[in-house]
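Work through the exercises below with the sequence and the model open. Each task is followed by a solution in steps.

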Amino acid sequence: MTSSYAQDGLEGRAAVVTGGTRGIGRAVAERLAAAGARVCVTARDAQEVRRTAAELDGVGVSGDVGDPDHLRDVVDTAVRAFGRLDVVVNNAATNQPYGPLMDADPEAWRAAFAVNVEAPLRLVQNAWRAWMREHGGSVVNICTEGAGHAGPNVGAYGTSKAALLHLTRQLAGELAPRVRVNSVSPGLVRTEMARFVWEPEEARVAAGLPLGRIGEPDDIARAVVWLASDAAEWITGADLLVDGGTRVRTAHSAREYAVHDMLRSYAPPRS
Ligand SMILES: NC(=O)c1ccc[n+]([C@@H]2O[C@H](COP(=O)([O-])OP(=O)(O)OC[C@H]3O[C@@H](n4cnc5c(N)ncnc54)[C@H](OP(=O)(O)O)[C@@H]3O)[C@@H](O)[C@H]2O)c1
């Protein structure tokens, strides 16, 4: 893959991408590597981490982002391997506990916040102390278009992602001018996490979107890598919506929102 981002300062830089073995995280890691960055990927499946790291000529650390020790290990490994850490992409997330909030188990709720909100903060703290406080850097958090409104059965996910959106703005203010902190909010993207939403009736879901199709991981990766690069050097605290027009669909067509029908009818497998 050729990249036009190389000239925007990613060549020779070092990046961590959590959840970098598949889906959006994998596409981001590939684009960063293609732009000349060294990449450290994480995920729970150790075999997938090893395979991805080898394919991208990078390094990998397996573990759960909900574990603070793992997040220390990630930053230590990246800095040891690359001698620097310029970019952090907080991508790993959970969409559990799924269902009405009145049924939400307290442990599962806490686990969702540990993975979706606390882990991004801990990882940025570690990166700040190890490299970014002195040398600067850039953080991109992956939120969701769905955090902008209520939706069926996704209360824990939406609430935690709305918290991540606020965390993004707060960190952007606190860490400027050395470190830029932004987020990307995807609409529905063709990945494992969202398979239960797009697979049953993809044509119907796509027809309801102004741009006529669901997203591909690379649609999101291009936005993430642009925000991480020096091309976005005067942007911090921003949320970039990459949703095929989902947010503006009511001005485009009178169709009902098929995504909410899917969320009512199907549930994700527990991971
Ligand atoms: N797909 C969409 O429609 C959509 C829409 C809006 C926002 N997003 C957001 O986009 C991001 C990526 O999602 P995706 O759709 O690309 O998901 P995906 O294809 O299921 O990939 C998730 C990645 O994260 C890893 N992961 C999951 N839980 C983890 C944990 N606790 N600790 C460490 N790694 C973990 C997975 O590997 P292991 O299973 O091996 O850990 C995998 O590498 C998430 O933040 C998600 O909320 C997705």
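**Exercise 1. Describe how helix 3 packs on helix 4.**

Step 1. The axes of helix 3 (residues 68–82) and helix 4 cross at roughly 35° and come within 9 Å of each other. Helices here are DSSP runs (H or I, at least four residues), strands are runs of E of at least two, and both are numbered from the N terminus. An axis is a line fitted to C-alpha atoms, for helices over the stretch in contact, and angles run from 0 to 180 degrees between N-to-C directions.

Step 2. Helix 3 and helix 4 cross in a right-handed way. A crossing is right-handed if the near helix is turned clockwise from the far one by less than a right angle, and left-handed if anticlockwise.

Step 3. On the side of helix 3, Pro68, Leu71, Arg72, Val74, Val75 and Val79 take part; they meet Ala119, Arg122, Leu123, Asn126, Ala127, Ala130 and Trp131 in helix 4. Contact is counted if the C-beta atoms, placed from the backbone, lie within 7 Å.

Step 4. Sorted by class, this contact of helix 3 with helix 4 has 10 nonpolar, 1 polar and 2 charged residues. Nonpolar covers Ala, Val, Leu, Ile, Met, Phe, Trp, Tyr, Cys and Pro, charged covers Asp, Glu, Lys and Arg, and the others, Gly among them, are polar.

Before going on, note what kind of model this is. It is predicted: local features need pLDDT of at least 70, side-chain atom pairs count only at pLDDT 80 or more, and totals for chains, interfaces and linings use all residues. Residues are numbered from 1 along each chain as its sequence is written.

**Exercise 2. Repeat the analysis for helix 1 and helix 8.**

Step 1. The axes of helix 1 (residues 23–34) and helix 8 (residues 217–228) come within 8 Å, crossing at roughly 50°. Helix 1 is therefore oblique to helix 8.

Step 2. The crossing of helix 1 with helix 8 is right-handed. Residues in the contact include Gly23, Arg26 and Leu32 of helix 1, and Pro217, Asp218 and Val225 of helix 8. By class, the contact of helix 1 with helix 8 has 9 nonpolar, 1 polar and 4 charged residues.

**Exercise 3. Which residues come nearest to the ligand?**

Step 1. The ligand has 30 residues around it, and Gly19, Gly23, Arg44, Ala93 and Thr191 come nearest. A residue is near if its C-beta atom, placed from the backbone, lies within 6 Å.

Step 2. Helix 1 and strand 2 (38–43) are the elements that give two or more residues to this shell. The largest share, 3 residues, comes from helix 1.

Step 3. The shell around the ligand has 12 nonpolar, 12 polar and 6 charged residues.

**Exercise 4. Locate the cis peptide bonds.**

Step 1. The bond from Gln96 to Pro97 is cis, with omega near -5°. Pro97 lies in the loop between strand 4 (87–90) and helix 4.

Step 2. The bond from Ala176 to Pro177 is also cis, with omega near 5°. Pro177 lies in the loop between helix 5 and strand 6 (179–186).

Methods. Parallel < 35°, antiparallel > 145°, perpendicular 65-115°, else oblique. Contact = placed C-beta atoms within 7 Å.
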